[in-house]
Amino acid sequence: MRRLMNPLKLVCLVMFVYGLIALQSNALAQQTAANPNNQPLSGANTLSPAQIDKIITAFAAKETQFRRALNSYAFKRDALIQVLGMGGQVAGEYHRVSDFTFDDQGTRYEKINFFPMATFGGVTAEDLEDLGGVNPFALEAAKLPQYNFKFVGKEKIDELDLYVFDVAPKMMPDPKKTKERFFIGRIWVDDQDLQIVKSKGKAVPETKTNKFPVVETYREQIDGKYWFPTYVYADDDLVYDSGQDMRIRMRVKYSNYVVGHGKVTITEIDAPRSETIKPETPKLQTQKPDSQTKPAPAAQPETTNETRPVEGGILNGRAIELPRPAYPDEAKKEHASGQVQVKVLIDETGKVISAEAVFGPESLRKAAVEAARRARFSPARVDGVPAKLSGIITYDFVAQ
């Protein structure tokens, strides 16, 4: 007679099986979140493996050219991020309108035209990098060995015939071991130019405190050569390890692509009204040959009031010395964490002369202000004349 399995072994086996199911479900949920329409398309079996490899190699080479080419273009970026409350109302907002240009060495400069005080403090350094116009996880030729590509068929969007691929890293990176981020989702490749014209997915890996939304990016052909991003949209729920659920909407527009370099100084403009993000349905289409070659009208010099400081937006990247704040004993009792924003006024030499916490947990604000007072910055100049600078320093605290 066969013996019945030991009850302890049976329990262990059941737990093991449930564990495998949970892992598979989690992986499937993540893939589905980045790729909600993960269904085979028409023509999924019409290309040979050799043809598929040729297409992948071609668009990866174009991505490399795209990143290099963008360093020759100036452009405008209008980024709006909103946090929504339980009833769908706007509970916080981050709005930043900037012009980007590059010097002869390819160094990027940002001229902030409009940046009101943010009422949403969850924008991270990675988020700002993504909004800069070039995804740090672009699918360049050098990164092909790190990804798996699955050809799922062809799709026609507007007047374009597109190859469609699902993309995922071969191994999910450990955020504790690397700061590099990867793309997981779906891409659409023009069958004529063999360039990526649309993508929908998210960045990975995520951490306990930093989550990324599923983002849909549309590109348009500029100067008849490169498909540059022109419209980005996201509407997603970010679920943190603590169980907190945050719904965000994001809309980013890129425009005024022109070839050229220039020097940028930060100036102030009157703040326009805040807006609510409204989804758009951009078309994938090529630009007319002369639609992007006309230079933007030259900016008229502005009269600067000596007593009024220049508004610099987020100043962390401008700091020469940026001491880290100590984690307060008071905050340890409640395990406080999160971002604190400190509004500072900087004199003509780069020294902080006033600091005030304007956002973040109360138990962390004093430490952030003390650290901000010790910071030093590159002096601001307007038309070559030293000027005072006003802006925000952000500090991210992790519970201890």
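1. The side chains of K156 and D161 form a salt bridge, with 3.6 Å from N to O; the term denotes a side-chain nitrogen of Lys or Arg within 4 Å of a carboxyl oxygen of Asp or Glu. K156 counts as exposed, at 54% relative accessibility, whereas D161 is partly exposed, at 31%. Buried means under 20% relative accessible area, exposed over 50%, and partly exposed in between (1.4 Å probe, protein chains only).

2. This is a predicted model, in which local features need pLDDT of at least 70 and side-chain atom pairs count only at pLDDT 80 or more, while totals for chains, interfaces and linings use all residues. Residues are numbered from 1 along each chain as its sequence is written, and side-chain values use heavy atoms, leaving out hydrogens and water.

3. The salt bridges number 14. In one of them, R219 pairs with E63, the closest N and O atoms being 2.7 Å apart. R219 belongs to strand β8 and E63 to helix α2, so the pair ties together parts 156 residues apart in sequence. Helices (H or I, at least four residues) and strands (E, at least two) are DSSP runs, numbered from the N terminus. Both R219 and E63 are buried.

4. E216 forms a salt bridge with K198, at 3.1 Å between the closest N and O atoms. E216 lies in strand β8 and K198 in strand β7 (residues 196-204), so this pair links parts 18 residues apart in sequence. E216 is buried at 18% relative accessible area, and K198 is buried at 9%.

5. A network of salt bridges links D235, R247 and R249.
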